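Thanks, everyone. Let me put the structure up, and then we'll walk through a few places in it.

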Amino acid sequence: MPSTLLSRRDLDFLLHDWLRVSHLVERPRYAEHSRETFDDALDLAERVATDQFAPHNRAADLAEPTVEGNRVRTIPQIEAALRSFAETGLLTAGMDDSVGGLQLPHAVAAACFAWFQAANVATSAYPLLTLGNANLLLAHGSAEQIDTYVRPMLQGRFFGTMCLSEPHAGSSLADITTRAEPRPDGTYRLFGTKMWISGGDHELAENIVHLVLARIPGGPPGVKGISLFVVPKVLVNPDASLGERNDVTLVGLNHKMGFRGTTNALLSFGDGGHTPGGEPGAVGHLVGAPHQGLAQMFHMMNEARIGVGAGATALGYTGYLKSLAYARERPQGRPVGAKDPATPQVPIIDHPDVRRMLLAQKSYVEGALALVLYCARLLDEEKTAPTDADRERAHLLLDVLTPIAKSWPSQWCLAANDLAIQVLGGAGYTRDHDVEQHYRDNRLNPIHEGTHGIQALDLLGRKMTMRDGAGLLLLAETMGDTVSRGRRAGGEVAELADRLDAAARRIVTATRSLWAGGDQVLALANASVYLEAVGHVVIAWMWLEQVLALPSEESGDPFHAGKRQAARYFLTVELPRTGPQFDLLDSLDRTALDMRADWF
């Protein structure tokens, strides 16, 4: 039976027929690999995700973490699954061989990890955060920090977190108050409280490595005074053995609607619950230079944002496949016009409105998966392209696409989960089927790692305006190249290309309209509408790219026919949604901006 987690056929098509990842083996970084090693990694990921992660997805949802004394308890299957994951080596799939990595292309590594996110997004969150933590320290940490913390993380012995938010500040990091007091031995003592810390406390690993934003007294105000610190739950001795418990205390766990298998903690640093070295204060080690913490943390945050988009995609995808299987098997009703009640009922997939809901899901989840893997492929280009210009181009385009890759799947693959429930009807909102949990899990993703509104501000306020609009122009140019190839293909593909071209041109005009008057407040009041419109155009671009990767002649293969039909659907039904949105943006709409708080 085909998997209901992801479609391996789709992954193979995206990686090999479209993104041509096998061509990367011609570059020195990937010279030890081949199509066979890529496929072996995908086979392994599917097998371990299916056998070790998927079986406890429901159990972890029903039995969420609890605090017993001073310990956090989770169901044992989570630890067993994470141990199996570490043993595969896939934890380091895309990392350098110098730190024990497999050095697979990032596109292949992302496809491998998507299996685990589809199987159990809550359990997969622990390695996702750990990898982001390790990558940040590899980029900004000292050799000692890499040896002390990164290597054990990549072995699966330590797990990592990111500690940004505080109860009074939320996403407004300029307002954090956690302080880091220097000590004569070069360490710091941290005092403060951090909220919403995923993976913040548990017994799943020997140690937890917290990356904490804090202020060194006397530093600049606002975000310019933020520094970054490594703060382990348990101190590590010079011989790499574990030492004293650090002064990091669990205050409580947050109880969530989804991702229930992932602990989410309120942590206190330096409250005196533990006294390492005989004094209160959480021992921390500065990462890099003082007051560079936010820029360093964005290294992890940007990776995490694409990871959130990938998780949202995986949840939408598995929900789609499960609703598709249900629709094929569930008999109910008869075709319109069939009046004889003695005739057999038909599978609900025979009803046009059910096929509409399935087709919408297919267009969302397969479009989102294409975007996530395209971003991973850009990361491969950024690291290994033969020229500086090619690497810089990939870096800039990835910068522009990151807020879209985070937010579009979080919005529209959640919509796919909603449709999956609808396909199942009354069965869909019961716990007898997985789709209701997928919806609850996915509802967190529009908030994780920067809300939809924050991503919108980032896209319109920074990414599209930086370097005099270089990112905007590069996005338009890259989509224009796809349009040109589509027009050369002729026929229906050329028609789809014309539709994309018209929408893509509106991105440029709307951006210029919003900023023409120099009114930042007015422009950014429209940022969420802008993100949604641009995101839909980007997914339409992903669909035209996929069509161009199909055989030029009708092959008779249902997979190819399904791709073409999903592309038709998205560019015929979904893309026109952007017209009224761009009209609203061009009009410099003030409706929300002019609404006063006392009018509600």
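In which helix does Glu574 lie? Glu574 lies in helix α17. Before going further, remember that this is a predicted model.

Let's stay with Glu574. Buried or exposed? Buried: its relative accessible area is 0%, and the cut-off for buried is under 20%. Its side chain has a polar partner. Glu574 and His536 are joined, side chain to side chain, by a polar contact of 3.0 Å. Set aside the neighbours within four places in sequence, and Glu574 touches Tyr364, Trp412, His536 and Tyr569.

Now the helix around that residue. α17 covers residues 558–574, which is 17 residues. At 1.5 Å a residue, α17 should span 24 Å. The C-alpha atoms at its ends are 23 Å apart, so the model agrees with the expectation. What caps the N-terminal end of α17? Asp557 does, with a side-chain oxygen 2.8 Å from the backbone nitrogen of Phe559. Phe559 is itself one of the buried residues of α17. The buried set also includes His560, Lys563, Arg564, Tyr569 and Phe570, along with Glu574. Which helices do these buried residues pack against? The list is α1 (8–18), α9 (352–384), α10 (388–424), α14 (491–516), α16 (527–549) and α18 (578–586).

Two helices from that list next: α14 and α16. Their axes come within 10 Å and cross at roughly 155°. Over 145 counts as roughly antiparallel, and α14 and α16 are therefore roughly antiparallel to each other. The crossing is left-handed. On the α14 side, the residues in contact include Val493, Leu496, Leu500, Ile507 and Leu514. On the α16 side, they include Tyr530, Val534, Val537, Trp541 and Leu548.

A second pair: α8 and α9. Here the axes come within 9 Å, with a crossing of roughly 150°. α8 and α9 are therefore roughly antiparallel to each other. This crossing is left-handed. From α8, the contact involves Ile306, Gly309, Ala310, Gly316 and Gly319, among others.

On to α12, residues 452–463. Its buried residues are His452, Gln455, Ala456, Asp458, Leu459, Leu460 and Lys463. They pack against α8 (293–329), α10, α13 (466–489), α14, α15 (520–525) and α16.

Take α13 from there. Arg467 lies in that helix. At 52% relative accessibility, Arg467 counts as exposed, because the cut-off is over 50%. What does Arg467 touch, beyond its neighbours within four places in sequence? Glu392 and Leu396. The side chains of Arg467 and Glu392 make a polar contact of 2.6 Å. For a distance check, take Val150. Arg467 and Val150 are 317 residues apart in sequence, and their C-alpha atoms are 34 Å apart.

Last stop, a loop. Where does Gly219 lie? Gly219 is in the loop between β6 (207–215) and β7 (226–232). At 26% relative accessibility, Gly219 counts as partly exposed. Gly219 and Pro290 are 71 residues apart along the chain, with their C-alpha atoms separated by 8.6 Å.

That's the tour. Questions, please.

Notes
Residues are numbered from 1 along each chain as its sequence is written. This is a predicted model: local features need pLDDT of at least 70, side-chain atom pairs count only at pLDDT 80 or more; totals for chains, interfaces and linings use all residues. Side-chain values use heavy atoms; hydrogens and water are left out. Helices (H or I, at least four residues) and strands (E, at least two) are DSSP runs, numbered from the N terminus. The expected span of a helix is 1.5 Å times one less than its number of residues. Buried means under 20% relative accessible area, exposed over 50%, partly exposed in between (1.4 Å probe, protein chains only). Contact means heavy atoms within 4.5 Å. A polar contact is a pair of N or O atoms within 3.5 Å; within protein, one must be able to donate a hydrogen and the other to accept it, and residues adjacent in sequence count only if both atoms are side-chain atoms. Axes are lines fitted to C-alpha atoms, for helices over the stretch in contact, and angles run from 0 to 180 degrees between N-to-C directions. Angles under 35 degrees count as roughly parallel, over 145 as roughly antiparallel, 65 to 115 as roughly perpendicular and the rest as oblique. A crossing is left-handed if the near helix is turned anticlockwise from the far one by less than a right angle, and right-handed if clockwise.
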